[in-house]
Amino acid sequence: MHALEDALQTIAERKGNLDALARLISKATGERAVATGGYVEDVSRSAIGVRGISDSTQLGDMVMIRTTEGLRPAEVVRLEQKRVLIKPFDDRIVPSLGTPVFPEGQLRLSPAASWKGRVINALGEPLDGKGLLGAGIEPVPVDRAAPMAMGRGRVEKGLRCGVNVVDVFVPMCFGQRMGIFAGSGVGKSTLLAMMTRAADFDTVVLALTGERGREVRDMLEDTMAGKLDKTIAVVSTGDESPMMRRLAPNTATAIAEYFRDRGDNVLLIVDSITRFAHAAREIAIAAGEPPVSRGYPPSVFSQLPRLLERAGPGLDGEGTITGIYAVLVDGDDHNDPVADAIRGTLDGHIVLDRAIAAQGRFPAVDILSSISRLAQHNWTPEQAKLAASLRGLIARFEETRDLRMIGAYQAGNDPHIDQAVTLVPLIYNAMQQTPASPLSIDPYSDLAAALRPKEPS
């Protein structure tokens, strides 16, 4: 009994000596002595200040916060000499002062072929209740550099996405990056869902960023029914933290890069890239960056091209990532800074118009405002000539709409306008599709059938 008491006394004395040593170090250096990490010294709703890990972390590194529920991840968003600012991936975490924080290094994922058919969050954790994800051989960083420009393959092979108005007027190629620009409620998500039905892709990676939670199962179980076996969905809904919403497109792109490096033709869909920019704005402002353009800090406009450039063709001999990005145009202003920056980076844009949607035409594509910069690799000479001719007819029809509505134009005065008045409504009717419409095999044959004069019965 006495031996046990002596041992406990010795332990207490040693602990007291260690505590005294820690106090001496703290008094001499002005910092708290920690063994492997740091501690929380400042807490606010925008960011958390941590002291003691400035020498062992870099900007963008992961750290782990010890909470009563276990370790929770956060990211370094500002690095200073004495402390760092971090933002948790779960913004409900509000640690108390003195909470331990441990550096974890760069965030990495280990994608594997078995991830197809799974639904995960931005951190690569499963959401579908199907068990743990298999791990690939080599972890890859989530924020990865794009391939070198001179080593990438060229975009030369056309594809069919199954949406007639896109395949005829703004055709796409494997490795192209296309934006769908529209205001809220005009049909971006519906058009994206229709484009996922394309049969030419080996893998589909879908990033739902900042979307409504109720839409996730609708998209996966209804719209993409029958395609889930080759689809990986990365979900970060609008109620999640800006850290998760900014991370989700990067996670999806890293997964797409894994399959591209294996030789797959990958379809990467991000809905929407604008909410990625909104999340990046929140994080940058919390880190102390000044807003410079309609409330957006400078780093937002450097993160956008860095993310978008990662899609496209891989190195020679590898596969491709065909990127389709939904761009939410605030207030239907197609020249807002984010939309303008994205438009200048992508290889084409499809514009959806609210007035067209109000007429009941879906997809509500503004044909005259939409363009594909790589259409020449998809069209044959005859198809290019036909598309140009049809665009001319549509331009005449729209330019004279007001004139015809007030009765100022009389049929027979201009044969070109008369032809447009006859054919353009047929073209518009032929271009209408819904997610329930059967997949078109040859859009040009469908268009020719729609324009063919009806034989009298």
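**Confidence first**

Colour the chain by pLDDT, the predictor's confidence in each residue, from 0 to 100. The chain average is 88, and 91% of the residues score at least 70. Residues 4–27 fall below 50, and this stretch has six contacts in the model beyond near neighbours in sequence. A contact here means heavy atoms within 4.5 Å. This is a predicted model, in which local features need pLDDT of at least 70, side-chain atom pairs count only at pLDDT 80 or more, and totals for chains, interfaces and linings use all residues. Residues are numbered from 1 along each chain as its sequence is written, and side-chain values use heavy atoms, with hydrogens and water left out.

Now compare elements. Helix α1 (residues 2–29) has the lowest mean pLDDT of the chain's elements, 46. Helix α5 (residues 242–261) has the highest, 97. Residues 29–35 also stay under 50, with eleven contacts beyond four places in sequence. Where pLDDT is low, the predicted coordinates should not be read in detail.

**Whole chain**

Zoom out. The C-alpha trace spans about 115 × 45 × 45 Å along its principal axes. Switch to cartoon: there are 13 helices and 19 strands. These are DSSP runs, numbered from the N terminus: helices are H or I with at least four residues, strands E with at least two.

Of the 457 residues, 50% count as buried. Buried means under 20% relative accessible area, exposed over 50%, and partly exposed in between (1.4 Å probe, protein chains only). Show the surface next. The chain exposes about 22,100 Å², and carbon and sulfur atoms supply 53% of that. The areas come from the Shrake-Rupley method with a 1.4 Å probe; for residues, only the protein chains shown count as cover. Among contacts with a separation of 6 or more, 72% join residues 24 or more positions apart.

**Stop 1: helix α5**

Select R246, which lies in helix α5. R246 is buried, because its relative accessible area is 14%. Beyond four places in sequence, R246 touches E75, F276, A279, A280, I283 and Q303.

Move to N250, also placed in helix α5. N250 counts as buried at 12% relative accessibility. Leaving aside neighbours within four places, its contacts are V142, D143, F276, L307 and R310. Show the side chains of N250 and R310: a polar contact of 3.0 Å joins them. A polar contact is a pair of N or O atoms within 3.5 Å; within protein, one must be able to donate a hydrogen and the other to accept it, and residues adjacent in sequence count only if both atoms are side-chain atoms.

**Stop 2: S54**

Select S54, in the loop between β2 (48–51) and β3 (62–67). Is S54 buried or exposed? At 13% relative accessibility, S54 counts as buried. The S54 side chain reaches the backbone oxygen of Q81 at 3.5 Å. The S54 side chain also reaches the backbone nitrogen of R83, at 3.2 Å. For scale, pick K227: its C-alpha atom is 46 Å from that of S54, and the two residues are 173 apart along the chain.

**Stop 3**

Finish with I406, in the loop between α11 (401–405) and α12 (415–431). I406 is exposed, because its relative accessible area is 67%.
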